[in-house]
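Trainee: I would like to go through this structure with you, one point at a time. Please show the sequence and the model first.
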Amino acid sequence: MNRYPFIVEPGKPYVQQVGEWVADVFYDALPEAGFEIRDEQIYMAFQLEKAFAEKQTIFAEAGVGTGKTLAYLLYAVSYARYHRKPAIIACADESLIEQLVKPEGDIAKLTKHLGLSIDARLAKSQDRYLCLNKLDQARTEYEETELYRGVYEALPAFVSKSEGLQAFHAYGDRKMYPQLSDRQWDRINWDPFQDCFVCEKRHRCGQTLSREFYRKSADLIICSHDFYMEHVWTYDGRRREGQLPLLPDHCAVVFDEGHLLESAAQKALTYRIKHENFEQLVTRLLKNDIRESLAVGIDEAIARSEALFELLERHSRVIPGSDRREVRLNGELYGAVARLRGTLDAIEEALVFESELYNLDGYQLRIVEEHLEMMQKALGLFQSSGSLICWATDSPTGLTLVVMPKAVKEVLREGVFSRAMPVVFSSATLSVNGSFDYLADALGIDRYLSFSVASPYEYEDKMEALCPLRAGEAGFSGKLEAAARMLLRTGGRALMLFPSREELAEFQAAVPQCEAISHLEFAFEGEGEISRLIAEFEANETRVLCAVTLWEGLDVPGPALSNVIVWSLPFPPNDPVFAAKRQDALSPYDEVDLPYMLLRLKQGIGRLIRSRDDSGLVAIVDERLRANSGLTALVNGLLPPGVELGFEEEEAEFGEN
């Protein structure tokens with residue numbers, strides 16, 4: 001059986017043959033199946049051919065409706081079969097993964113209309129999986145014990161048995177628990193402080209079983225940006241420790257919604273230190289027959305760690321609109337970090353001697369050594385404070401110190417872009433003012449191909465763009481009134497996008513008291529698993545979906561999404577990561593805030609028109625548009641040709657636009 005989707009001619013460049021086959025698919029096979037031929041799609045396909053042939057990085061900016069997903073999937077599958085290694089499709093988040101693999105998604109279309117059987121497997125982030133240990137804790141310690149007992153009782157029978165497994169059985173994925181809110185899920189899912197390597201249940205864990213399954217994919221492995229960057233960041237360390245990397249060797253990478261990769265890279269490069277976890281880990285050593293000097297050193301390290309976190313509590317403050325606390329670095333904190341590092345140095349030296357006496361369990365010792373090494377790397381960044389970004393986060397069990405290097409481009413350049421393989425960035429928003437330099441510089445990409453094609457849709461008669469705030473309407477109450485008018489215009493059928501969870505929560509609390517829209521049905525991100533919320537939104541045409549993370553990737557054609565309401569212009573938050581970016585910029589507003597906002601806003605606007613038959617309204621409820629003509633001009637520059645931002649006046653009536 002020929003493993004290729006076409007008959008290969010010996011002696012002819014393979015990628016050239018792929019290009020010819022892709023052309024046949026777009027010109028013949030798909031039109032015969034009822035698909036529309038798009039010149040933009042054909043153009044994109046030939047640009048991708050060059051990137052795959054030359055193993056280069058390419059920015060593929062293609063507007064809504066160009067069919068960019070089909071184009072890169074055809075190349076990725078063909079390339080994977082030639083190299084006998086899977087290609088990686090990295091999506092911005094888990095909801096985008098679900099969009100790609102849903103029954104009516106693009107992979108299913110290729111399977112149905114080309115007879116192309118594609119082996120596509122999901123590699124989801126660890127926090128998308130159930131933790132059996134945390135579930136045991138939740139069944140007895142939280143007020144919703146019946147809820148968690150139900151989750152436990154629904155686990156597969158083999159989880160509590162010891163015999164070997166005969167076949168892969170997926171379980172424990174967040175998608176399987178749509179009834180749980182995000183708060184309820186956080187109590188039982190994996191988190192960075194779980195000590196998986198010493199967990200006696202790890203070989204029955206849904207995350208472990210899924211990882212063994214996706215490694216064997218022949219064609220595609222689909223994961224999130226976060227997961228791919230964690231693979232890059234942990235690759236060398238896992239190999240040194242005799243562990244398999246998170247992802248197998250692969251032949252190509254596609255970053256769908258690639259403009260979001262930098263934030264995923266920063267997230268992956270973070271170190272997290274928590275006093276409670278450090279104390280629990282090193283206290284294990286005291287239960288062994290160890291020398292007194294090591295025991296004294298452990299007690300001293302615990303005391304110095306506790307002192308450091310007491311200082312962090314005093315020298316950090318809550319940042320409005322962010323779940324991160326700003327840490328005010330000073331001499332007192334630097335001194336506490338240096339003292340703790342000195343004690344950790346002494347413990348690490350003592351452990352080398354202790355290991356030669358064979359008084360400690362080798363596996364337990366390795367876990368402690370890995371944790372100490374992580375702490376030393378994180379705390380070491382404080383010695384060159386110009387190279388680090390840090391913040392603290394709250395939890396019921398105390399602060400977590402989060403530390404990350406300021407620049408991620410070096411890691412990306414070495415771990416991703418120096419490899420001889422095609423890397424595709426696909427999105428409708430990769431350039432700013434026609435240039436890809438903003439994204440290329442942020443990611444450390446020195447050499448790349450690029451192209452940009454517009455959407456084939458005629459927007460002039462399909463889309464209305466409006467700032468619905470009337471003169472005099474301001475503040476939260478004014479925004480609420482304006483948003484209510486827009487919701488009534490379309491009878492719901494709206495996606496409301498919020499820049500932060502705090503703004504979403506404020507709106508959610510106000511909805512029951514707003515009589516004008518009390519009859520509408522609202523769904524709020526966080527109330528349940530996101531793919532279920534999206535499916536219910538598609539099925540109920542009058543529902544309103546309110547979200548923080550759906551600026552990208554949401555694909556809901558038809559009347560169910562006839563209105564996109566942007567609650568506020570999505571400028572970046574005032575958190576430590578963006579504060580560091582602003583500090584390094586000559587003009588922070590022009591170099592950091594505006595490009596971020598414009599890219600995100602353009603993505604949000606793109607949620608409205610998803611097919612040639614779609615039409616509707618984009619409403620941006622931000623009073624800055626009335627006050628700042630320059631900002632209005634920039635927003636107009638994002639809108640499709642023929643569409644211009646209008647302003648609602650006092651005498652306007654519903655439906656008169």
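Trainee: Is Pro5 buried, partly exposed or exposed?
Mentor: This is a predicted model, in which local features need pLDDT of at least 70, side-chain atom pairs count only at pLDDT 80 or more, and totals for chains, interfaces and linings use all residues. Residues are numbered from 1 along each chain as its sequence is written, and side-chain values use heavy atoms, with hydrogens and water left out. Buried means under 20% relative accessible area, exposed over 50%, and partly exposed in between (1.4 Å probe, protein chains only). Pro5 has a relative accessible area of 21%, so Pro5 is partly exposed.

Trainee: Which residues does Pro5 touch, not counting those up to four places away in sequence?
Mentor: Pro5 sits in the segment before helix 1 (14-32); helices (H or I, at least four residues) and strands (E, at least two) are DSSP runs, numbered from the N terminus. Contact means heavy atoms within 4.5 Å. Leaving out residues up to four places away in sequence, Pro5 touches Trp21, Ser78 and Leu116.

Trainee: Is Asn189 buried or exposed?
Mentor: Asn189 belongs to the loop between helix 8 (182-186) and helix 9 (206-214). Beyond four places in sequence, Asn189 touches Asp127, Tyr129, Leu130, Cys131 and Lys134. The relative accessibility of Asn189 is 6%, so this residue counts as buried.

Trainee: Which helix gives the largest share of the lining of the largest cavity?
Mentor: A cavity is a set of points, on a 1 Å grid over the protein atoms alone, where a 1.4 Å probe fits but cannot get out; lining residues have an atom within 4 Å of a point. The largest cavity holds about 30 Å³ of space, a volume being the space filled by probe spheres set on the points, which are joined across faces, edges and corners. Its lining is Lys124, Tyr129, Gln207, Ser210, Arg211, Tyr214 and Phe227. The largest share, 4 residues, comes from helix 9.

Trainee: What is the bridge partner of Tyr271 in strand 10?
Mentor: Strand 6 pairs with strand 10 (residues 400-405) in the antiparallel sense, over 4 bridges. In strand 10, the partner of Tyr271 is Val403.

Key:
Pairing = 2+ DSSP bridges. 1 Å grid on protein atoms, 1.4 Å probe; cavity = no way out; pocket = protein on both sides within 12 Å on 5 of 7 lines; lining within 4 Å.
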